[in-house]
Amino acid sequence: MARDRREGLEIKVVNPPAVTNNVSVETSPATATRRRRQQRASFAEFRPFKLWFPWLVPAIVVANIALFAISMFINNCPKNSAYCSARFLGRFAFQPMKENPLLGPSSLTLEKMGALDVSMVVHNHEVWRLFTCIWLHAGVFHVLANMLSLIFIGIRLEQEFGFVRIGLLYMISGFGGSLLSSLFNRAGISVGASGALFGLLGAMLSELLTNWTIYANKFAALLTLIFIIAINLAVGILPHVDNFAHLGGFTSGFLLGFVFLIRPQYGYFNQRNNPRGYAAPSAKSKHKPYQYVLWITSLMLLIAGYTAGLVVLLRGTDLNKHCSWCHYLSCIPTSLWSCKSQNVYCESSQIGQQMNLTCIANGKTEMYKLSNDIPSRVQQLCSQLCR
């Protein structure tokens, strides 16, 4: 999934020939050979870009795993299997059911820890959930898959661009994925870092485009990267996968790449590394005009998109009502699977020694007398009520 340290890409920085002031100087073959070796050694040691020590990405991985362990501990897993049997369904919504108790925490625990719940964002203005949900995961496979992808993608990017730019790119892309997800996925909760991961993929693509002049073998690298991105986005058409989070994160990262990952052009490096006395044919600016255009355009689109998205979200607008075909971006029904959600959701309230349970889908309400086994049977009772 990751681009392995610019595999297939070579920086095209070449030192100009030494200047002899138009005077022919005869040298012995041994001297000429020694000079060529010195020039090759100097070129081999020259690094146009600083390599950073990657510490932020490993820290993010550790934090995600630690938070997942905390969520499991809060559920008292695996002892309390009634609250630890959340079925992993993606980045994803998921539903509690009786399965492997080690699979993941309950939706109630994740909601308390900051999962993305659109109703709480809209009615309680808990916008912070757009950030916190990218640090939570629904199951063991979920957290392992995302963290392995983050290591393969993020380590190399942090080495090349530093922790500040990659950290901002990761967080803002994750926010963008959560924002687009909340505009279309109105029911249930959503957790996962895949929106931020798709942001890193999008930034890799825009970085290659905006720094086009400093790379060799660029077309092969571009086709390879586009193929990898297309395969990952295609997975999002499967049921229960929150592809809106993927698309929002990818779009955010693609635009952010033009802003954060811009690099000086090829001629600028040659100009800076000219030997003394060498007269450059013409001075080169640090960046090309198209890089400035992409930088300004991307920044304006990001600001406008995030502002409009937050306004629409906080007004409680469901974009599915204004876009009849948009749901196909997240799931395409086939003969092999259905895109209809099989999750059921209920609201509960306690009145004295009784619990009132209301099915959100059909509005049915039922009163239950509280007992020791009621907490473990809430999902079962909810499923019966929503039939």
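Which residue in S6 is the bridge partner of Ile351? Keep that in mind as you tour this predicted model.

**Ground rules.** Residues are numbered from 1 along each chain as its sequence is written. Local features need pLDDT of at least 70, side-chain atom pairs count only at pLDDT 80 or more, totals for chains, interfaces and linings use all residues, and side-chain values use heavy atoms, without hydrogens or water.

**Select the whole chain.** It holds 14 helices and seven strands. These are DSSP runs numbered from the N terminus: helices are H or I with at least four residues, strands are E with at least two. The chain has 387 residues, and 42% of them count as buried. Buried means under 20% relative accessible area, exposed over 50%, and partly exposed in between (1.4 Å probe, protein chains only).

**Select residues 346-351.** This is strand S5. Its count of buried residues is zero among six.

Two strands pair if DSSP finds at least two bridges between them. Now the opening answer: Ile351 has Gln354 as its bridge partner.

**Zoom in on the turn.** S5 and S6 make a hairpin, with two residues between them. Click Gly352 in the turn: its phi is positive, about 65 degrees.

**Jump to Trp55.** It sits in the loop between helix H1 (29-45) and helix H2 (56-74). Is Trp55 buried or partly exposed? Trp55 is partly exposed, with a relative accessible area of 42%.
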